[in-house]
Amino acid sequence: MAEPRKERMAELTKQSTDLPCVTLIGMAGAGKSTVGRALARLLGWAHLDTDHVIEADLGRPLQDVFDGLGREAFIKAEERIVAALRLKRCVVSTGGSVVYGPAAVARLHELGPVVHLHADLDIVTRRVGEGKGRGLAIGPGQTVADLYHERQALYEATADLTVDSGALTPEDCAGAIAQWLRSTGILT
């Protein structure tokens, strides 16, 4: 009985694709998860939310993980988990703090292009408020506005493409990213 299963797995491995992943980065409230699901549907790819992987790896809701570890240890845990991802043909929605981890950023670039979903500060604050209960990697005394300004240069330095998710619907963002992937030859 094991032989047919082994043959099926060998056939699946031969048919495996080498298509890259596409990773979405940006602030909480920029639409990474929503656009990620829309882009995955459009491309017919899998979708992975790294916040969910962190929760599964550490066995607790994201806010509990952050509260238990604190900001610096949370960022290190996120970096370790993201740097270990082995994926193909997948849209990856990351936590906004992923850009603090050099090993995570390097791994995301190895997986494929990185897209920054940019939303203006007023849109981010309207969507996330003070960030309570979101597992937001925010330091003591720091505001969402402080975090926004701190991260913008990191997002810009990391991204291969920036899309204004505050000005477009999630479906239009997904369409713009898919069009860019085709125009650059990443997708045919």
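Colleague: Which residues does V115 touch, not counting residues up to four places away in sequence?

Modeller: V115 touches V22, T23, L24, I25, L161, V163 and I177, where contact means heavy atoms within 4.5 Å. This is a predicted model, in which local features need pLDDT of at least 70, side-chain atom pairs count only at pLDDT 80 or more, and totals for chains, interfaces and linings use all residues. Residues are numbered from 1 along each chain as its sequence is written, and side-chain values use heavy atoms, with hydrogens and water left out.

Colleague: And which residues touch the most other members of the largest nonpolar core?

Modeller: Of its 47 residues, those are V22, L24, L39, L43, V115, L117 and I177; such a core is a set of buried Ala, Val, Leu, Ile, Met, Phe, Trp, Tyr and Cys residues joined through side-chain atoms within 4.5 Å, and buried means under 20% relative accessible area, with a 1.4 Å probe and protein chains only. Apart from it lies another core, of eight residues, including V65 and F74.

Colleague: Switching topic, how many disulfides are there?

Modeller: The structure holds zero disulfides, a disulfide being a pair of cysteine sulfur atoms within 2.5 Å. For C90, the nearest cysteine sulfur is that of C21, 5.1 Å away.

Colleague: Is C90 buried or exposed?

Modeller: C90 has a relative accessible area of 3%, so it is buried.

Colleague: What about C173, buried or exposed?

Modeller: C173 is also buried, because its relative accessible area is 0%.

Technical notes. Buried means under 20% relative accessible area, exposed over 50%, partly exposed in between (1.4 Å probe, protein chains only).
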